[in-house]
Amino acid sequence: MNGILANDLLIETTYLIATALFVFSLMWMSSPTTARRGVFAGEIGMVLAIAGTLLHSGLDYTWILIPLVLGTIIGIPLGRVQMTAVPQRTALSHSFGALCVMLVGTAEFYLPREVPMTRFMMAVLCMEVILGALTITGSLMAAGKLQEWLPQRPITYKGQNFVNLGLLGVAIVVAIILVIHPERTQLFPAIVAIPLVFGVMMIVPIGGADMPTVISLLNSYAGLSAAAMGFVLNSKLLIVAGALDGASGFILSMNMSKAMNRSFSNVLFGAFGQEQTSAAGAAEAKPVRSATAEEAASILSAANKVVIVPGYGMAVAQAQHKVRELFDSLTKRGVDVKFGIHPVAGRMPGHMNVLLAEADIPYDKLLDMDEINGDFAQTDVALIIGANDVTNPAARNDPGSPIYGMPILDVDKARTVMVIKRGMGAGFAGIENPLYFLDRTLMLFGDAKGFVGNIVRELSGGSGHS
Amino acid sequence: MKMDLLTSLYVFMLAAFIGFQVIKRITPLLHTPLMSLTNALDAIAVVGAIILAGEHKTKLAAILGAIAIVSATSNIVGGFLITDRMLKMFKPSGAKKA
């Protein structure tokens, strides 16, 4: 065997090992006890694959090393963002990943070749570029909305879906023409430009509450475009990594749309929350019971089981550390405190868990909706902080409600329900919550951080229970 | 060439099956770190960009490849960093506070 073949074999071996390590990496992510090992396996795989690639003969290293260093310099601050900013960071990184794939696809298209590309290759290349391009701008738009540089409210106009689908349709038609007549290279810029515009238009009508689904969907697109790139370059490693990422994004977006009781097409074409706003406001006159921090503290300290239901409002108020103090103080008194977390409680899948873990709340106290729902009947107090629609019993028993059928946390089955809320305004989707008018519900009006802080003060000031 | 393609399709299909099985088992607790991890792994696309930039077949390919390396590398570095930072925060009951 001559030297060049041996070198190729070595390179392919590093790719094979990297592929195995990537699969292990995801397997170890299944539990918090092994997850960090999973990250380590992924890192080793990545370093191996990059080192293997550098072994290719005839590479000009200055064109490789300078961009590698630059990327590292950009990557470090992106790895150090605050935990509340993780959703927009993730959206931004989907955009970067797609940018890489789209650029490589474009370069491959214009590369001079001895044998012309097969039709199938051309079709896959077009798919890679279209998916890549729409993910670039779509993710940038999502990141902008999450960072609140762009308006969070959905922006809609008449014929919007027609325009959007039309754009995508034109891009696909151009791609088909390219597959049939690959020599018409002047058409190629269109399958970059049109999806770039489509990416923007696709996110314009999507509201902040739908971001978890959208981020997951864009994650899936980024993965699929990378897998398509793997077909074009005949790289099995890339196909596997792209397929894993695509599958992950797909499962997460299924979870998210199930948690919101919506279909994919409804998220993308529905522009939720714009018509319902008129339905709110009618019922301001209904009586509610409210309580002070002192009363809340005495009920909480007399309880055996408390479930705290945090929503994104808690994170916005930066109340997680005060919530942890409340958790510590109640736990010390022998109260069993758990957290009930709805899948869409944060701005991306699992986001609320990260925010609570950052506040030092043990992860075995963080239960997802399916795990906690059976417990509410035996719960003395359900304390809701900054969550609204995910606790709305209308989703279970009012077929006329716009959120009817959405899975919710059954907080209304607890003996006492406490809701910390600024005022009686409707939630993100603008839907009234009948939970607030139940006899067992106590409204605790105030800012989440301040009110929880007051309860903690009352608990430590009082003589304690028993 | 035709065989390559068929093998690629097999690989894609099997990897997608494995992906579905493995990801389904991941607890919702860790879905955010999962997404940032898969994002970093997906940036393995950097290997394609490295070849393009390094082979320097045309000026265009080299420039596009170089930009692609920058964006993929920032995902690799940033993605692994933040995933590990998040996972470090997940502690069971009774663990000493950091």
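Let's start at a loop: A:Asp398 sits between α16 (394-397) and β5 (416-421) of chain A. This is a predicted model, and everything below is read from it. Is A:Asp398 buried, exposed or partly exposed? It has 14 C-beta neighbours inside 10 Å, and therefore counts as partly exposed, since that class lies between the 12 or fewer of an exposed residue and the 20 or more of a buried one. If you look from A:Asp398 to A:Ala448, 50 residues apart along the chain, you will find their C-alpha atoms separated by 29 Å.

Now step back to take in chain A as a whole. Its secondary structure comes to 17 helices and six strands, and its C-alpha trace spans about 85 × 50 × 35 Å along the principal axes. Of the 466 residues in chain A, 52% are buried. Contacts that reach along the sequence are well represented: taking those between residues at least 6 apart, 80% join residues at least 24 apart.

Two other loops of chain A are worth a visit for their backbone. Most residues other than glycine have a negative phi. A:Glu148, however, has a phi near 65°, a positive value in a residue other than glycine. You will find A:Glu148 in the loop between α5 (119-146) and α6 (160-180) of chain A. A:Glu148 is exposed, because 10 other C-beta atoms lie within 10 Å. The second case is A:Gln318, where phi is near 55°, again positive in a residue that is not glycine. A:Gln318 belongs to the loop between α12 (312-316) and α13 (320-332) of chain A. With 12 C-beta neighbours inside 10 Å, A:Gln318 counts as exposed too.

From the loops, let's move to a helix that will lead us to the other chain. Helix α4 of chain A covers residues 86-110, and one of its partners is helix α8 (residues 211-233) of chain A. How do these two helices lie relative to each other, parallel or antiparallel? Their axes come within 10 Å and cross at roughly 25°, so α4(A) and α8(A) are roughly parallel. The crossing is left-handed. On the α4(A) side, the residues that take part include A:Pro87, A:His94, A:Gly97, A:Val101, A:Val104 and A:Glu108, and among those they meet in α8(A) are A:Met211, A:Leu218, A:Ala222 and A:Met229. By class, this contact has 12 nonpolar, six polar and one charged residues.

As it passes α3(B), α4(A) makes a left-handed crossing. A:Cys100, A:Val104 and A:Ala107 meet B:Val46, B:Gly48, B:Ala49 and B:Leu52.

Residues making the contact include B:Val46, B:Ala49 and B:Leu52 of α3(B) and B:Gly65, B:Ile69, B:Ala72 and B:Ile76 of α4(B). By class it has 13 nonpolar, two polar and no charged residues.

Apart from its neighbours within four places in sequence, B:Val46 is in contact with A:Ile50, A:Cys100, B:Ile69, B:Ala72, B:Thr73 and B:Ile76. Which residues touch the most other members of the largest nonpolar core? Among its 191 residues, they are A:Cys100, B:Ala45 and B:Val46. The largest share of this core, 16 residues, comes from helix α4 (residues 59-89) of chain B.

Finally, consider how the chains meet overall. In total, 82 residues of chain B are in contact with 96 residues of chain A. On the chain B side, the elements giving two or more residues are α1 (2-24), α2 (31-42), α3 and α4. Of these, α4(B) gives the most, with 28 residues. The residues on that side divide into 51 nonpolar, 21 polar and 10 charged.

Conventions:
Residues are numbered from 1 along each chain as its sequence is written. Chains are lettered from A and ligands numbered from 1 in the order in which they are written. This is a predicted model: local features need pLDDT of at least 70, side-chain atom pairs count only at pLDDT 80 or more; totals for chains, interfaces and linings use all residues. A nonpolar core is a set of buried Ala, Val, Leu, Ile, Met, Phe, Trp, Tyr and Cys residues joined through C-beta atoms within 7 Å. Helices (H or I, at least four residues) and strands (E, at least two) are DSSP runs, numbered from the N terminus. Two residues are in contact if their C-beta atoms, placed from the backbone, lie within 7 Å. Axes are lines fitted to C-alpha atoms, for helices over the stretch in contact, and angles run from 0 to 180 degrees between N-to-C directions. A crossing is left-handed if the near helix is turned anticlockwise from the far one by less than a right angle, and right-handed if clockwise. Ala, Val, Leu, Ile, Met, Phe, Trp, Tyr, Cys and Pro count as nonpolar, Asp, Glu, Lys and Arg as charged, and the others, Gly among them, as polar. Angles under 35 degrees count as roughly parallel, over 145 as roughly antiparallel, 65 to 115 as roughly perpendicular and the rest as oblique.
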